[in-house]
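Here is a briefing on one model.

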Amino acid sequence: PYVLTEKEFVNRYDLTYPFEERGLQFGDGVYEVIRVYRGNLYLIEEHVERLYRSAAAIHLQVPYEKEEMYKQLKQLLHLNDFTTDGKVYLQLTRGSAPRDHVFPVGVQPNLYAYVAPLSRKHSLMKNGVATITQKDVRWDYCYIKSLNLLPNVMAKQAAKEQGCFEAILHRNGKVTECSSSNVYVVKDGAIYTHPAEKNILHGCVRMRVEAFAKETGIPFHEEAFHLEDIQYADELFLSSSTAEVMPIIEVDGNTIANGRPGQVTMQLQQAYEADAN
Ligand code: PDD
């Protein structure tokens with residue numbers, strides 16, 4: 001298997017790093033997860049744009065021009081004869097250098113990207129998932145797709161331990177997003193979700209959900225909802241590159257509406273299906 005680095009393609013087993021690597025020691029880097037359908041990268045431009053934004057926010061330069069980046073990622077799939085469903089994981093760190101909090105002088109960024117198989121979650125998407133709610137204890141710059149994922153990992157694990165798929169995060173009762181996805185409520189036919197500000201990751205699928213809603217004539221409000229709105233919701237769903245458009249049918253043990261995926265959610269799933277395939 002081939003992996004793309006900041007310079008070239010290498011065999012996966014030849015890729016090694018010094019133990020003083022800033023991604024490992026500080027989480028000093030950013031990443032992307034890009035969905036692949038039948039060997040094609042979905043929303044590649046949106047992901048590469050966000051990679052550039054995340055990198056710039058932490059004063060890191062992406063070692064490829066945007067056009068070159070698209071080309072290299074397509075080449076990654078080509079070299080690996082990857083023609084099925086999967087995901088590309090890409091990470092960019094400040095580089096390898098003796099440990100010091102300040103940016104080491106002359107340090108060169110490390111980048112790697114690999115492709116791995118990932119099948120679609122058809123049954124969950126059809127039936128919906130259960131979730132829990134958790135305090136959002138992350139920092140103020142969640143729009144940066146940072147490697148520092150400990151709060152997200154802890155929240156997702158708490159969900160898992162309660163037999164749930166995701167943790168819905170809130171700041172003082174105001175819902176931001178989930179541990180690794182964006183979240184939406186549907187009330188009286190309109191969609192509400194936290195504005196794309198610094199407190200959430202600006203999801204690539206979220207951008208598409210907004211576009212699908214506008215194309216279908218479903219009102220889409222970038223207006224945060226609160227924990228107490230959940231019990232009165234007509235529908236709840238989440239979105240991400242790996243979960244696509246996923247209905248939420250339970251929150252903290254309480255059923256949402258009739259416990260089945262709602263009309264608006266299913267409409268968005270159809271729009272996603274048409275867009276991705
Ligand atoms: N997570 N919010 C958070 C905190 C995320 O980590 C993600 C993606 C999203 C959805 O973004 P997008 O629609 O661009 O996938 C929202 C990826 C899939 C991950 O960390 O594995």
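Strands S5 and S6 (residues 110-117) run antiparallel and are joined by eight bridges. This is a predicted model: local features need pLDDT of at least 70, side-chain atom pairs count only at pLDDT 80 or more, and totals for chains, interfaces and linings use all residues. Residues are numbered from 1 along each chain as its sequence is written. Helices (H or I, at least four residues) and strands (E, at least two) are DSSP runs, numbered from the N terminus. Two strands pair if DSSP finds at least two bridges between them.

**The sheet**

- Six strands form an open sheet with antiparallel pairing, in the order S2-S1-S6-S5-S3-S4.
- Strand S2 (9-11) and strand S4 (40-41) are at the edges; each has a single partner strand, so one side of each is left without a neighbour in the sheet.
- Strand S3 (residues 29-37) pairs with strand S5 (residues 86-93) over eight bridges, in the antiparallel sense. Here Glu-32 stands opposite Leu-90 in S5.
- S3 also pairs with S4, antiparallel, over two bridges. Val-36 is placed opposite Leu-41 in S4.
- Strand S1 (residues 2-5) pairs with S2 over three bridges, again in the antiparallel sense. Leu-4 stands opposite Phe-9 in S2, and a hairpin of three residues joins S1 to S2.
- S1 and S6 run antiparallel and are joined by two bridges. Thr-5 has Tyr-112 in S6 as its bridge partner.

**Helices H2 and H3**

- Two packed helices are described by the angle between their axes and the distance between the axes.
- Helix H2 (residues 44-57) packs with helix H3 (residues 66-79) at about 125°, with the axes 10 Å apart. Axes are lines fitted to C-alpha atoms, for helices over the stretch in contact, and angles run from 0 to 180 degrees between N-to-C directions.
- H2 and H3 are therefore oblique to each other. Angles under 35 degrees count as roughly parallel, over 145 as roughly antiparallel, 65 to 115 as roughly perpendicular and the rest as oblique.
- Ile-44, Val-48 and Tyr-52 in H2 meet Lys-66, Met-69, Tyr-70 and Leu-73 in H3; contact needs C-beta atoms, placed from the backbone, within 7 Å.
- By class, the contact of H2 with H3 has six nonpolar, no polar and one charged residues. Ala, Val, Leu, Ile, Met, Phe, Trp, Tyr, Cys and Pro count as nonpolar, Asp, Glu, Lys and Arg as charged, and the others, Gly among them, as polar.
- H2 also lies across S3, S4 and S5, and runs at about 175° to S3.

**Helices H6 and H8**

- The axes of H6 and helix H8 (residues 263-276) cross at roughly 110° and come within 10 Å. That makes H6 roughly perpendicular to H8.
- On the H6 side, Arg-208, Val-209, Phe-212 and Thr-216 meet Gln-267, Leu-268, Ala-271, Tyr-272 and Asp-275 in H8.
- This contact has five nonpolar, two polar and two charged residues.

**The ligand shell**

- The ligand is surrounded by 15 residues, and the closest are Leu-201, Gly-203, Cys-204, Val-205 and Ser-241. A residue is near a molecule if its C-beta atom, placed from the backbone, lies within 6 Å of it.
- Helix H6 (204-216) and strand S13 (235-240) each supply at least two shell residues. H6 gives the most, with three residues.
- The shell has four nonpolar, nine polar and two charged residues.

Notes: Contact = placed C-beta atoms within 7 Å.
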